[in-house]
Amino acid sequence: MSTLLARTGRHRQRYDQDRLRLVAGCIPYRFEKNVEIESCIMENKILVLMITTPNRDDLVFPKGGWEDDETVHEAAYREALEEAGVKGLLDENPIGVWEFRSKSRQASGSQEGGCRGYMFALEVTEELESWPEQDKYERKWLYAEEAFKFCRYDWMREALKGFLKALTKDVTQQEARETMMMMTELPTIPVSDIGTGTGRQTLSPPGCSGKSSGVQNLEESCTKCIVQG
């Protein structure tokens, strides 16, 4: 069993000016191994971690009360550790903020039990064999497409959709940066003197027609080449 203890009670619970209970949580994820990034859509590239609760077939993401002695990031990370037994890299920017009713008030018409939840993305780097609340929750790794079907609440589906959109943007930007780095590291192309004439050889890159105006050809071609005399 885990030697870590989960926080209980609400004596340190934060509330906002509207008396909404402040909640922090995360969508834990990892990239699927042996998947070609270019070959499939984002929903098939990553796995997200959800947890079960007793006597329910649907699933939730780890979340819980944000307390007054911690930051919202610390609260989200703590809930992932306590409820799902995972550690990792937490994105500093929230996926979004949602207002919802606590599970004990879902079926009633009361205005009580309102929550404002801050959700973050957590890239999982470690799964613990034991964790504080493993007697309450089981872990389930799912492809995002499956996760949509099992989300207990609509706001969780919205959070998952926002997470995938943000992650797709980040991956695309990273791939663009890597491509630019590869381009800047391309080697120069030495050209031997030809003995007579200008001492430079005209290069016509593949797919482009050559011209007879020496180095000027390279400036007008569709592929950039660096030429050394």
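**Core, aromatic rings and backbone**

At 82% relative accessibility, N55 counts as exposed (buried means under 20% relative accessible area, exposed over 50% and partly exposed in between, with a 1.4 Å probe and protein chains only). The model is predicted: local features need pLDDT of at least 70 and side-chain atom pairs count only at pLDDT 80 or more, whereas totals for chains, interfaces and linings use all residues. Residues are numbered from 1 along each chain as its sequence is written, and side-chain values use heavy atoms, without hydrogens and water.

**Positive phi values**

- N55 has a phi near 65 degrees, a positive value in a residue other than glycine.
- N55 is located in the loop between β2 (46–51) and β3 (63–65); strands (E, at least two residues) and helices (H or I, at least four) are DSSP runs, numbered from the N terminus.
- R19 also shows a positive phi, near 65 degrees, and belongs to the segment before β1 (21–31).
- R19 is exposed, its relative accessible area being 58%.
- Most residues other than glycine have a negative phi.

**Nonpolar core**

- The largest nonpolar core has 43 residues, of which I27, V48, F61, L160 and F163 touch the most other members; such a core is a set of buried Ala, Val, Leu, Ile, Met, Phe, Trp, Tyr and Cys residues joined through side-chain atoms within 4.5 Å.
- Elements that each supply at least two residues of this core include β1, β2, α1 (72–84) and α3 (154–184).
- The largest share, 8 residues, comes from α3.
- Beyond its neighbours within four places in sequence, F163 is in contact (heavy atoms within 4.5 Å) with I27, Y29, I46, V48, I95 and A121.

**Aromatic rings and charges**

- The whole structure holds 5 aromatic pairs; rings of Phe, Tyr and Trp (its six-membered ring) pair if their centres lie within 6.5 Å, and planes under 30 degrees apart count as stacked, over 60 as edge-to-face and the rest as tilted.
- W66 and Y118 form an edge-to-face pair, at 5.8 Å centre to centre with 80 degrees between the planes.
- This pair links W66, in the loop between β3 and α1, to Y118 in strand β6, 52 residues apart.
- W66 is buried at 14% relative accessibility, while Y118 is partly exposed at 22%.
- Y29, F31 and F163 make up one aromatic cluster.
- The charged end of R30 sits over the ring of W141, 4.1 Å from its centre (NZ of Lys or CZ of Arg within 6 Å of the ring centre and within 35 degrees of the ring normal).
- R19 lies over the face of Y15, 4.4 Å from the ring centre.
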